[in-house]
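Trainee: I have a protein chain open on my screen. Can we go through it together, one question at a time?

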Amino acid sequence: MQLFATVAAALALLTAPVFAAPTAPLRSVERYAAETKPQSYTVKLKEGVAKAAHLEWLAAHHGNSSTVTHPEWESNALREDTDVGVAGIFGTDALNALRASPDVEYIADDGIMHINADIDATHRTNAPWGLQRISQTAKLSSQDTSALTYTYTYDSSAGFRVDIHIVDTGLYTAHSEFGGRARWGTTFGGYASDPVEDDADGNGHGTHVSCVCVLLYGVAKKASLIAAKVLSDQSSGAVSDIVSGLNWVSQQAASSGRPSIASMSLGGSASTALDSAVASSHSDTQMNFQVAAGNDNADAGSTSPARAPSTVTVGASTIADARASFSNYGSVVDIFAPGQNVISAWIGSTTATNNISGTSMTTPHIAGLIATIISRDGNGTPAAISSKLQQLSTKGALSGIPSGTANDLAHNEV
């Protein structure tokens with residue numbers, strides 16, 4: 001989410017009328033219904049438009065009021081066909097010129113996404129209750145989320161040779177729970193959590209959700225983890241940085257040749273740009289995307305990326321087999337998984353843990369299940385694997401599920 005060479009002379013006559021001062025009606029800007037990055041916008045160009053020429057013109061004629069912050073998006077970052085996009089800081093003159101250009105398909109506010117977790121200060125060790133719940137169909141006899149007596153039964157393949165990309169606040173790669181199978185991938189947004197080293201999780205959220213995937217606290221105990229930091233240590237990030245992160249993840253998945261999964265425990269208001277980026281990555285790489293349904297006790301159909309049709313959107317359940325009071329719901333929610341009082345790794349030391357709640361915690365449960373399915377049964381299309389998840393799920397087990405929402409609780413079949 002590379003600039004291309006351009007032949008300026010050949011484009012001179014073509015671009016002159018297109019890039020002239022705005023005289024045509026200005027297209028509307030897709031407004032984001034929450035916090036935005038000031039004066040920052042995502043711009044999607046129409047099919048066949050030469051992005052390099054467009055950027056050259058923008059710099060030459062509106063350079064004083066524009067700064068392209070994300071020119072690196074590939075031609076497929078925001079597309080279903082071959083159109084391209086960028087993001088940047090655009091003043092009034094530059095923005096109006098883009099709004100008037102017939103080469104532009106849409107312009108959208110650069111919205112801010114947030115993690116979907118309620119972080120508290122409780123620190124514990126040992127395994128969480130959620131692992132036993134997803135490995136049996138019956139309700140748990142114990143209702144103590146801090147008990148250390150739960151047993152997780154799982155297939156021995158356990159996500160072996162599967163990569164799980166954690167698109168989040170980063171992860172603490174040195175934590176003992178990762179067993180050397182976690183590595184840093186990339187950072188977008190200039191988020192420096194340490195004055196010496198930018199590549200770190202200074203929040204803890206990314207580390208927590210990562211560990212729900214692997215080892216003592218995790219579902220797929222042999223999977224590999226790769227961090228794509230797109231959220232700040234204050235737990236938020238711009239859509240443009242998330243799109244760039246997804247573009248990077250797609251490139252890595254394609255070049256590795258390994259089965260790959262993207263886990264996104266983040267969300268915010270509706271964003272066409274983010275939904276399109278997820279759909280594009282899904283289409284181009286056949287990666288499986290899991291996203292959090294959100295923590296607003298509302299219909300997830302009005303949030304992104306939860307509403308993106310190419311994702312597995314995950315709601316939160318409690319140890320009592322109820323929908324968590326905070327969990328979003330609706331027709332876009334595909335499945336539920338444990339999400340309240342989940343113990344996992346944390347930052348601060350190589351053995352630190354934390355007990356937190358949110359649909360953020362549900363998403364890596366499903367990422368781990370999918371990694372296990374792939375390592376056990378072989379890779380398949382995302383649609384086929386999603387169908388397998390639905391087939392394996394425990395039906396009708398949860399209370400508090402609104403009409404029109406699937407009452408399916410994740411299960412690993414073992």
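Trainee: In helix α3 (residues 92–100), how many of the 9 residues are buried?

Mentor: The model is predicted: local features need pLDDT of at least 70, side-chain atom pairs count only at pLDDT 80 or more, and totals for chains, interfaces and linings use all residues. Residues are numbered from 1 along each chain as its sequence is written, and side-chain values use heavy atoms, leaving out hydrogens and water. Buried means under 20% relative accessible area, exposed over 50%, and partly exposed in between, with a 1.4 Å probe and protein chains only. Helix α3 is mostly covered, and its buried residues number 7.

Trainee: Which residues of α3 are buried?

Mentor: Helices here are DSSP runs of H or I with at least four residues, strands are runs of E with at least two, and both are numbered from the N terminus. Read along α3 and the buried residues are A94, L95, N96, A97, L98, R99 and A100.

Trainee: What covers the buried residues of α3?

Mentor: Look for contact, meaning heavy atoms within 4.5 Å. The cover includes one helix entry, α2 (51–62). It also includes the strands β1 (36–45), β2 (66–70), β3 (85–90) and β4 (104–115).

Trainee: Now the whole protein chain. What percentage of the 414 residues is buried?

Mentor: The chain holds 9 helices and 18 strands. It exposes about 15,100 Å², by the Shrake-Rupley method with a 1.4 Å probe, where for residues only the protein chains shown count as cover. Carbon and sulfur atoms supply 50% of that area. The buried share of residues is 58%.

Trainee: How many salt bridges are there?

Mentor: Apply the rule: a side-chain nitrogen of Lys or Arg within 4 Å of a carboxyl oxygen of Asp or Glu. The count comes to 8.

Trainee: Take D321 and R133. How many residues apart in sequence are the parts they tie together?

Mentor: Their side chains meet in a salt bridge, 2.9 Å from N to O. D321 lies in the loop between β13 and β14, and R133 in helix α4 (residues 130–133), so the pair ties together parts of the chain 188 residues apart.

Trainee: Which residue forms a salt bridge with R258?

Mentor: Its closest N and O atoms with the partner are 3.0 Å apart. R258 sits in the loop between α6 (239–256) and β9 (260–264), and the partner sits in strand β5 (residues 163–168), 95 residues apart. The partner is D163.

Trainee: Which residue forms a salt bridge with D275?

Mentor: The closest N and O atoms are 2.4 Å apart. D275 lies in helix α7 and its partner in the loop between β12 and β13, so the pair ties together parts 32 residues apart in sequence.

Trainee: What is the phi of Q286?

Mentor: Q286 is in the loop between α7 (272–285) and β11 (288–292). It is partly exposed, at 36%. Q286 is not a glycine, yet its phi is positive, at about 60°.

Trainee: And what is the phi of N341?

Mentor: N341 lies in the loop between β14 (335–338) and β15 (342–345). With 25% relative accessibility, N341 counts as partly exposed. Its phi is positive in a residue other than glycine, near 55°.
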